[in-house]
Amino acid sequence: MQPLLSLRKLRKEFPGCLANDDVDLDVMAGEIHALLGENGAGKSTLVKMIYGVLNPDNGDMIWNGKPVGIETPSAARSLGIGMVFQHFSLFEALTVSENISLGIPTDLAGPGLDERIVEVSKSYGLPLDPQREIHSLSVGERQRIEIVRCLLQNPKLLIMDEPTSVLTPQEADKLFETLKRLSSEGVAILYISHRLEEIRELCHKATILRLGRVVSDCDPSRETARSLAEMMMGSDLTLPEKSVVNEPGPVRFTVTGLSTLPKDPFGVPLKNISFDLHGGEILGIAGLAGNGQTELMDLLSGENLCDQADVIVLENQPVGSLGPTGRRNLGLGFVPEERLGHGAVPDMTLWENGFLSAMGRQNLLRNGFIKVGKSVDFAVSVVHRFKVKTAGVDHNASSLSGGNLQKFIVGREIEQNPQVLIVLQPTWGVDAGSAAAIHQELMDLSANGTAVLVISQDLDELFAVSDRISVICEGRLSDATPASETTVEQIGLLMGGLDHADQSLENAAS
Amino acid sequence: MRIEARTEISKPMIYAAPIVAVVLTMLAGIVLFEIMGHDPFQALHTFFVAPVSSLDGLAELGVKGTPLILIAVGLSFGFRANVWNIGAEGQLTIGGLAGGALALAFYDVDSPFLLPGMLVVAALGGMAWAAIPAFLKTRFNANEILTSLMLTYVGLLVLSMLIHGPMKDPDGMNFPESRLFHDAALLPHMIEGTRLHIGFLIAIAVVATAWIVLGRHIIGFQIRVLGMAPRAASFAGFSHNKIVWLSFMVAGAAAGVAGILEIAGPLGQVVPVISPGYGFTAIIVAFVGRLHPVGIFFAGLVMALSYLGGENAQIEMNMPNAVTGVFQGMLLFFLLGCDVLIKYRLRLT
């Protein structure tokens with residue numbers, strides 16, 4: 001049988017980095033084909049070339065037996081290639097159908113679009129109301145819009161970049177049904193994910209990239225998650241080990257009755273959030289994106305201030321009205337979700353980015369002047385300890401792959417030995433090997449008496465590292481339960497708001 | 001034809017672009033002079049070479065360059081932090097007026113403290129004028145481009161009012177000019193027989209200080225982070241409002257000092273027109289110099305040459321005054337054009 005898409009000897013070089021070299025790939029119609037690799041292995045570059053966002057330096061692309069040059073995304077779409085990106089491109093204030101009409105050829109966007117949206121969304125089990133405005137939708141619903149937008153154009157190949165990283169386990173299962181249905185209709189799917197279990201369950205074939213080259217391919221259902229990870233890394237995977245559960249230490253961080261209205265009109269109001277964080281424990285907060293995590297993070301870090309100082313207590317001091325610098329000086333470290341532009345300045349060097357959050361506690365200033373030598377040493381020690389792949393600390397943060405930069409940003413905080421560390425999405429988009437390393441460092445840190453708060457959408461991660469887990473949903477935080485006494489399913493249901501729905505039923509009845 | 005974003009931006013081109021822009025300006029100048037019926041090479045010589053082929057001419061280059069460099073360095077702090085102060089001309093005017101008022105209040109006093117006092121008061125005057133848009137920006141989020149620009153015209157009218165009123169020379173036969181300053185209120189000259197005054201040394205000192213502050217001091221670091229990634233600045237705990245205030249204060253002080261250097265230097269008295277638009281031209285200087293103090297130093301001299309060349313072309317070749325503005329405009333146009341082509345490429349479809 002002739003492959004739907006064949007890539008032959010594809011090569012793409014960026015200055016100082018060979019992103020893809022000699023890549024061969026065959027995708028058959030109806031095949032769900034996984035693309036695996038560590039961060040920086042070249043997966044994104046490869047799919048961007050297939051979707052016409054980047055153009056290869058060398059090599060051939062063959063579509064249905066004919067050589068093609070896919071120079072732009074619109075050329076890719078007219079061949080029948082669709083792509084669902086990791087980051088959605090939707091306008092918050094517009095409706096579903098308005099957003100869809102902006103991203104498809106004009107002849108498809110004409111009258112009757114609403115009916116076509118409803119038809120496609122129904123037949124594939126992706127319920128959508130064309131007239132809803134985006135800001136009122138959950139992340140899972142937003143992803144459906146992107147998928148429906150692709151399906152309206154009758155794609156023959158659908159590229160999905162980390163689609164389940166934003167979904168509850170239940171939503172992910174639904175997505176898999178849709179994908180299997182598409183595959184049975186002959187649509188090929190190129191699937192990128194770091195979640196190896198779901199690849200084993202879903203995909204027919206996997207191609208593994210390492211350092212820009214294809215190193216092997218396999219049938220993922222015959223492999224284990226561990227063997228897949230080891231193929232990606234080219235070495236043995238060390239899984240993090242939790243040290244023996246010790247008695248929780250003193251309370252280091254307390255939040256009592258934190259409520260706010262969001263600054264952003266489409267933000268989430270926080271409702272009466274309270275929790276304690278003990279030294280030596282890791283508290284996990286689960287929740288789907290957009291349920292108040294970023295709002296909570298901004299208040300905990302001091303980027304936004306609370307109305308009352310004593311709502312947040314750090315090491316027995318009220319800090320609700322202190323900014324990030326004051327809280328850092330009292331021993332708080334924090335890692336925001338967005339790496340580029342929030343946790344790091346893309347166009348600054350690594351040592352300057354190390355200085356960014358370490359200047360106070362590491363004493364990197366003299367009379368207002370930057371101690372360059374000491375700042376460089378600090379960045380170098382982070383790079384060494386956390387095995388950050390970089391050509392040197394005088395290279396810009398934007399030159400690092402996402403996972404490597406994440407290692408640097410998390411490492412920068414851990415290296416400062418904080419009393420309390422708050423991390424939002426510690427391994428978002430990070431490969432298995434690096435994720436295991438970051439998890440191990442978080443656990444070691446807490447074993448040494450630091451109180452650690454991990455806010456994440458990834459339940460596997462939370463169950464791997466947390467002592468206690470609570471769930472944030474629509475700006476409310478559930479009580480924390482010991483991780484050993486709950487299950488992924490229970491937490492998944494809480495994330496979907498079941499608890500909240502029950503409560504409102506009870507309220508209505510009483 | 002379509003415009004596409006380039007995936008990689010060439011670093012060397014970013015620094016080569018100002019030079020390319022200067023060369024393109026010269027080439028366009030040749031075409032322009034040809035159309036106007038002048039011998040283009042003689043015209044270019046008159047414009048760019050003749051003005052600086054004598055000691056006197058080189059000194060004049062320093063005289064014109066001083067205010068441009070000073071103001072542009074001041075503005076570059078804000079521009080790097082995305083604070084768009086367009087009102088340096090007004091800050092120059094009010095600063096110059098404040099310093100000039102001090103000189104006139106003590107016009108018959110011969111004290112070595114008078115000149116330093118005038119510089120301080122002028123800096124404070126410029127800062128006071130810059131404080132208005134800074135306050136409106138930080139308190140009400142008013143767009144600083146509009147407020148600072150509009151305040152320029154208010155500042156020019158304040159000058160006009162004072163020079164036709166209280167500042168007018170009582171023995172000046174009703175001309176709108178102040179008394180001539182005494183020697184104690186005039187800047188010492190650096191080279192005897194030329195107009196080059198010690199203000200040029202102040203400009204060099206400011207360039208050096210700004211270079212160190214932007215590169216190695218926490219203030220410069222905060223400004224750069226805010227300009228490149230505002231959310232990272234808030235992650236680091238830098239206050240946006242403080243940086244807005246700081247940017248306006250630095251620019252206001254620099255412009256105010258530039259104003260008094262004109263009044264206590266080449267002018268020697270307060271007159272109805274203190275500056276031929278230095279405050280606006282300095283914006284071009286700041287960008288041609290890539291917002292880097294050393295780049296601004298050279299860009300300031302190039303722009304000063306365009307003033308001298310324009311004057312020379314008027315005298316020698318009977319060209320209109322507009323020729324200066326045309327050359328300055330072409331330089332900015334070509335620089336911006338180069339910048340577009342550095343970030344984007346044209347693709348024929």
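1. A nonpolar core, as meant here, is a set of buried Ala, Val, Leu, Ile, Met, Phe, Trp, Tyr and Cys residues joined through C-beta atoms within 7 Å. In this predicted model, the largest such core has 244 residues. Ile71(B), Met118(B) and Ala254(B) have the most contacts inside that core. Helix 10 of chain B, residues 240–267, gives the largest share of the core, 16 residues. For background, nonpolar side chains tend to be buried together in soluble globular proteins.

2. Take Ala254(B) as one of the residues with the most contacts in the core. Leaving aside residues up to four places away in sequence, Ala254(B) touches Leu70(B), Ile71(B), Val73(B), Gly74(B) and Val206(B).

3. On confidence, the model scores ipTM 0.84 and pTM 0.80. Chain B averages a pLDDT of 92, and 99% of its residues score at least 70. Among the elements of chain B, helix 5 (residues 114–140) has the highest mean pLDDT, 97. Strand 1 of chain B (residues 2–5) has the lowest, 77.

4. Next, the contact between the chains. Chain A puts in 23 residues and chain B 15 residues. On the chain B side, helix 8 (218–228) and helix 9 (230–236) each supply at least two residues. Helix 9 of chain B makes the largest contribution to that side, with five residues. By class, the side of chain B that touches chain A holds eight nonpolar, four polar and three charged residues.

5. Helix 12 of chain A (residues 372–385) passes a length check. Its 14 residues should span 20 Å at 1.5 Å a residue, and the end C-alpha atoms are 20 Å apart, so the two agree.

6. Which residues of helix 12 of chain A are buried? They are Ser375(A), Phe378(A), Ala379(A), Val382(A) and Val383(A). Seen down the axis of helix 12 of chain A, the buried residues fall within an arc of 135 degrees, so they line one face of the helix. The general rule behind such patterns: an α-helix has 3.6 residues a turn, so residues three or four places apart point the same way.

7. The buried residues of helix 12 of chain A pack against helix 11 (350–358), strand 18 (369–370) and helix 13 (402–414) of chain A. On the other side of helix 12 of chain A, Gly373(A) and His384(A) are exposed. After helix 12 of chain A comes Lys387(A), with a positive phi near 50 degrees.

Notes
Residues are numbered from 1 along each chain as its sequence is written. Chains are lettered from A and ligands numbered from 1 in the order in which they are written. This is a predicted model: local features need pLDDT of at least 70, side-chain atom pairs count only at pLDDT 80 or more; totals for chains, interfaces and linings use all residues. pLDDT is the predictor's confidence in each residue, from 0 to 100. Helices (H or I, at least four residues) and strands (E, at least two) are DSSP runs, numbered from the N terminus. Two residues are in contact if their C-beta atoms, placed from the backbone, lie within 7 Å. Ala, Val, Leu, Ile, Met, Phe, Trp, Tyr, Cys and Pro count as nonpolar, Asp, Glu, Lys and Arg as charged, and the others, Gly among them, as polar. The expected span of a helix is 1.5 Å times one less than its number of residues. A residue is buried if 20 or more other C-beta atoms lie within 10 Å of its own, exposed if 12 or fewer, and partly exposed in between; C-beta atoms are placed from the backbone. The arc is that of the directions from the helix axis to the C-beta atoms.
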